[in-house]
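User: I am new to this structure and would like a close look at a single part of it. Could you walk me through that part and then through its surroundings?

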Amino acid sequence: MKRIELKCITIVMAVFFSLTLFAQIDRSQQPKPGPAPKIQLGTPQEFQLNNGLKVLVVENHKLPRVNISLSLDNAPLLEGEKAGVVDIFAAMIGNGTTSIPKDKYNEEVDFLGASINFSGSGAFANSLSKYFPRILKLLADGLQNPLFTEEEFQKEKDKLIEGLKTDAKSVTAAARRVEAALAYGTSHPYGEFVTEASVNNISLADVQRYHQNFFVPENAYLIVVGDVTFSEVKALVEKEFISWTSAKAPNITYTSPSDAQYTQINFVDMPNAVQSEIAVQNLISLKLSDPDYFPLLIANNILGGGANARLFLNLREDKGFTYGAYSRVGNDKRYPVRFVASASVRNAVTDSAVTEFLKEIKKIRTESVTDEELSSAKAEYNGSFVMSLENPQTQARFALNIHTENLPANFYETYLQKINAVTKDDVLRVAKKYYKADNLRIVVTGKASEVLEGLQKLNLPIFYFDKYANKADNPLLKNEDLPTVAPEIVLENYLKAVGGRDKAAAVNSVYSLATMEGAAPFALKVTSKTMVPNKQVAEISADGMGTLQKLVFNGESGYQEAQGQKVSLEGEQLSEQKDERPIFPELYYVQEGYKLSVEGFENVSDQEAYKLKVISPAGKESFRYYAKDSGLLLQTEASMSAQGMTLTQTATYADYRDVSGIKVPFEVTQSVGPQKFTVKFTDIKINEGVSEADFQN
Amino acid sequence: MKKIFSLGLFLVSLYVGAQQVSFEEYDLPNGLHVILHQDNTAPVVITSVAYHVGAKDEDPQRTGFAHFFEHLLFEGTQNIERGEWFKIVSANGGQNNATTNDDRTYYYEVFPSNNLELGLWMESERLLHPIINQIGVDTQNEVVKEERRLRVDNQPYGRILEAVKENIFKKHPYRWTTIGSMEHLDAATLDEFLAFNKKFYVPNNATLVVAGDIDIAKTKKMVEDYFGPIPRGAEISKDFAKEEPITSPIKAEFSDPNIQLPASVIAYRTPSFKTRDARVLDMISTYLSDGKSSVLYKKLVDEQKKALAVQAINLSQEDYSTYIVFGIPMGGTLLSDLVADIDVEITKLQTDLISERDFQKLQNKIENQFVNSNTSVSGIASNLANYHMLYGDTNLINTEIDIYRSITREEIREVAKKYLNPNQRLVLDYVPEKNN
C-alpha cells in the first residue's frame, strides 16, 4: 500500500511539476494582444511670412540633428517638346549662389557633414543641429539666388542625355515609362517623359524661367523637424526668407486623360527581357478628402496591399509566378491617378499571370470580402498609423496634407475612426466603381518571342507599342506576314466604300458648317468651302466675336487672316497649299506621281486598318489608315513643323453619314502635340452652296 | 563581452546625451543571446532574430541555399499553419520581413507595442519547430528564381557583384553571391534543407533582439517562456578557406545584355569590417566619392566630364571586405582612361597627407552618419544584432565612432598604401553584350 501510495504521489508530483513547467505558456495558442497603446498625435507649430511662405516646425530633441524640407505645392507642368527642363534645373540649382562660387558652396555643405538636395518641386536638407543656422542660410541663398551659368547648363544637359543611355535597355525603366504614357498620353504632365531630342531643345533661358516662375513662395511650405526651438527657427527663417519675392506659380490645366475604351493588352517588345513587367491599370479620380478614400484604401489593401493580400498570396505564395504582386491606388487633388496592379513574372507564365490578375480584379468587384480580410486590413492600417508616429516627420506630413489637400483640421485625429468604419458593402461598392474591369489597360513589357503567343490566346485585343509608347507593329509579324495587298487596291476599296469612284469623281465642290470643341474655352464655328482640285476657303468664328481666322486660296495664290491681319501665302506654305487636294485626294495620287506603299496593319479606332504610306512628289511623307473591313478612311498622320520643331498632326474620322449618295465623316478629331480638338459637322452639301467667286482674294 | 548594464555605462550615457543606446544583454542556458533595448517614446516594438549563417556557409554546389532557406521559414510552424504567417502579422497591425547576406540571416517583426508577446511567439515558433516540406520548397524555388530575375538578371549593371566576387575570391565562399545559382537551387533536396535547419537554426547560433516600448522585467520573463525550452544544438565550427594575397593584377570582362553604356570596376580585397583598417577604408571612400566636393566626383564628373557617375564603396564583410571603385564613362571616355584617372587620385592619397580641412570634413561627416544611424528602433535592433553577432561587441553601437575619431591622416595614407595597389586588384570591364 505504502509503496503504491508513494508511487502515486511521485506520479502526481511529476504531473504537477510538468504542468507548472508548461502552464506558463501554451504555445499552441497564438498570444492575444495587450491593451491598445495610447497614441499622442502632436501638431507642428506654424507661422507664415508676408511673401506667402508657410513654415511648420516640429521640435524633437531626441537626437542632435535637424531635417529641413521645402515643398512647393505647384500645379504640374507639361514640359512638352522641352521635357527635361526640370531635371536640368534640379541638377543645376544648389551648386553655388550669385555670391558664393559653386566649389565653395558645395565644399562647405560637405564640410559640415550635411546635405542639401534640390528637386523640381522643393528641397531637402539634413544637418547636425549645431550647424542648422548655416545650412538654413545656404539653402535659402541657393534657392533664391542660384548660380546659373551656360557652362554648367551644358554640362548638366550632356549628363542628362548620357544618363538616359544607362536606362536605354532597362526593361523596368521602359515599362514604367510606357505605362504612364499610355495611361495619360504624352501630352499630359503625368504621361510625358524625357528624351534625347527633348533635352536638345532646352536652353539656359528655359531653366531660368522655370526658376523664376515656379520657385516662388506663394504655395511653398518650409518644414523644420528636429533638435531646434520654434523661436530660433522663426527668427532664422524670417531673416533668410524675407527677401524671397512674393509670386504665385502658373496654374495651367490639362485635359483629363480617359480610360481605354475596352479592356485590352498593350504590348511592348523588349528582346532582352527575362521577366515580363505586367501592369494592369485604369484611371481613377480620388482626392484625399473624398469619402471614398478610406473604403478604397481598404479594398486595395485586400486586393494587393502587401504580403497578406490576395495578389501576393495567389501569384507568389500559391503559384510561384513572381517575387511579389501588388496593387496601388494614389490620390491627387487635380488629375486622375492610376490604379495599378503589377508584378514582374518570368516569361513562361506571363499569360497565366495576366489571367490571375483579371480573376482577382473580377472577384473583388463581385464578391464581398470576408470578415477576416476586412478586420485584418483595418488592423494593418491601425498598426502602421500607430507605428508611423515614431518618426517625427509624420506630424509634419500630416499637417502639410491638411494644408494642401483641403482636409478638415481633425482629419488625422479621426483617421483610424474612418478606417474602422468601413464596411464590407463599402469595399464592394468602391471596388466596382474604381476597378474598371471593362476598361483595363494591361501593359505587358517583355520578350515577344517568348510571351506573345500565350498572350494572344487570352482573347483580348492586343495593341503594340515601342519602348517610347509609340504605336508599333506586331513584333512577331515577319515581312512575309505583311499585307500583300497593293496600295491601289486599298484606295479603290475606299472609293468603293464611300459610294464608288464615279460618284467621288463627280464631286466638284463641298460646303460644310461645323462646330469645334477643345480649341478655345468657347464654341467655335467653322465654315468651309472647297472646290476641285485645290480651291479652299475656311473661316473660324465665334458668337459675338466675329471672324477669328480665315484662309482664302484660289488655287494659285491666297492669304491667311487672323485678328484683322492679312498675311499672303508664300514659299513652302504656298506650295503645300497648291499641292493639297481637299476633295478625295485618293483620286489624284496615281496620276500625280505620289509614291504609295502599304506598311502593315494597325489598330485604329478599334478597327484593323491598312497603313498606307504616301510620299508626295515634293517628298512630303504622310500616313493614311483605311479600315480593313469597311474600307473607310479612319485616320491620317502627317508631320508639320512649328517653331523649328517637328510635330505629328493626327486626324481621326468618324460618324460617316450619307450626303447625296456619298459617305462623309461628320466628326473629325485633330491633334497636334498637346492640343486636341473635335470638329463636328452640322451641315455638309455636295455640289451646292459654293461658287468660283467664293475663292477670290 | 556579455556585460550587464552597469552604472558606469549609465554615467557615460548621461554624458554623451541622447545618442547613447542603452541595452542589456545576456545568454539563455540554451545559448541564445538576448539583447534588450528599451525606448518608450513611441508605442512600437521590434522582435528580431539574427542567425549566424549566410551564403558563405553553403555547399559550393548549393549556392543561394541560405537565402532560399530564409524563404522557407515563412512557410509555417507546428502551431502556425502554412499561409498563416503573413496573415497573423497583418491582422495584428504589424510588418515583417527577413534578409540574408553572406554572413548572417535576419528575421524581424515590427508591431504596435501591445503585440510584443506575439512577436516573441512567432520567432520562437520559427526556431523551435518550423514545418519544412516539399510544397514549400517547390513554391519558394519559383519565387526565389523570380527574385533573382527581378534584382539581377533583368537589371542594368545587375551582375557587377557576381563578376567582382568570382574574380576577387578564389577559395573563400565569398566567391559566390548570396542569391546564388538557379541550377543549384533546382538540385537542392528536402533532406538538405532539413539538415541545414538542424545545423544552423539553433539557439546557440542565434541572437534575439527586443527593442522599443517594452518593460524589461516582463520582457525577460516572456523571452524565457518562449525561447527557454528550445534545445541547444551542436556547436558550430567555422573554418573557411583563407585566400592567398593577390600579387598581380587581374583583368576581366563581363557582358550585360541590359546595358548600353559600359562601366569600369576596380576591386581590391581588403580586411574584415572588424579591423581598424576597414574603418580607415570607409573614410577613404567618403573622401573619394561622397558629396559634390569629394575628389573623384569633383574631378571626373564635374570638372572633366569624363564620368557620368563614380563611386567608391567599401563592401565590408565579416571575413574579408571588397573595396570597389565603380565608374560609368561619359562621352566616349575609354574605360582604361577612367581607371588611370582614378589611379592618379589613389596615388595622391598614398603619397600625400589629405588636407587638415578635408580631414575635418571626414570627421563631420562621420558624426552626422553616427547621429543618423540609430533613428528608429528597428534600425537600432539591426545594429545591435550585427555588432554582437558579427563584430563580437554589442557596445560598438555606442563606441565605434570613437574608433573613427581616432583615425589619423597618416593612417589614411598608410592604409591606402597597404591595400590600394595596382598589383592587388581586379580591373573589370563591364560591357554591353555585343549581339544585342
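Analyst: Let's start with A:Pro133, which counts as partly exposed because 17 C-beta neighbours lie inside 10 Å, while being called buried would take 20 or more and being called exposed 12 or fewer. Please keep in mind that this is a predicted model. A:Pro133 belongs to helix α4 of chain A, a helix that covers residues 132-144. For a sense of distance, take A:Ala83: this residue and A:Pro133 are 50 residues apart along the chain, and 36 Å separate their C-alpha atoms.

Now step back to the chain around that residue. Chain A has 697 residues, and 36% of them count as buried. Its secondary structure comes to 20 helices and 25 strands. Along the principal axes, the C-alpha atoms of chain A fill a box of roughly 130 × 75 × 45 Å. Looking at contacts in chain A with a separation of 6 or more, 69% are accounted for by residues 24 or more positions apart.

Chain A also meets a partner, chain B. To this contact chain A gives 63 residues and chain B gives 64 residues. On the chain B side, the elements that each supply at least two residues are α3 (85-91), β5 (105-112), α4 (116-128), α5 (134-153), α9 (216-227) and α13 (356-372). Sorted by class, that side of chain B has 24 nonpolar, 24 polar and 16 charged residues.

One of those elements, β5 of chain B, leads us into a sheet. This sheet of chain B is open and has six strands, in the order β1-β2-β6-β3-β5-β4, with mixed pairing. At its edges stand β1 (24-27) and β4 (95-100) of chain B; each has a single partner strand, so one side of each is left without a neighbour in the sheet. From one strand to the next, the twist averages 15 degrees.

Within the sheet, β2 (residues 33-38) and β6 (residues 206-212) of chain B pair in the parallel sense over six bridges. Here B:Ile35 stands opposite B:Val209 of β6(B). Two helices of chain B pack on the sheet as well. Helix α2 (residues 65-72) of chain B touches β4 and β5 of chain B, and its direction makes about 160 degrees with that of β4(B). Helix α14 (residues 377-391) of chain B touches β1, β2, β3 (44-51), β5 and β6 of chain B, with its direction at about 150 degrees to that of β6(B).

Methods: Residues numbered from 1 in each chain as written. Chains lettered and ligands numbered in written order. Predicted model: local features only at pLDDT ≥ 70, side-chain atom pairs only at ≥ 80, totals over all residues. Contact = placed C-beta atoms within 7 Å. Helix = DSSP H or I, 4+ residues; strand = E, 2+ residues; numbered from the N terminus. Nonpolar A, V, L, I, M, F, W, Y, C, P; charged D, E, K, R; others polar. Pairing = 2+ DSSP bridges. Axes fitted to C-alpha atoms, helices over the stretch in contact; angles between N-to-C directions.
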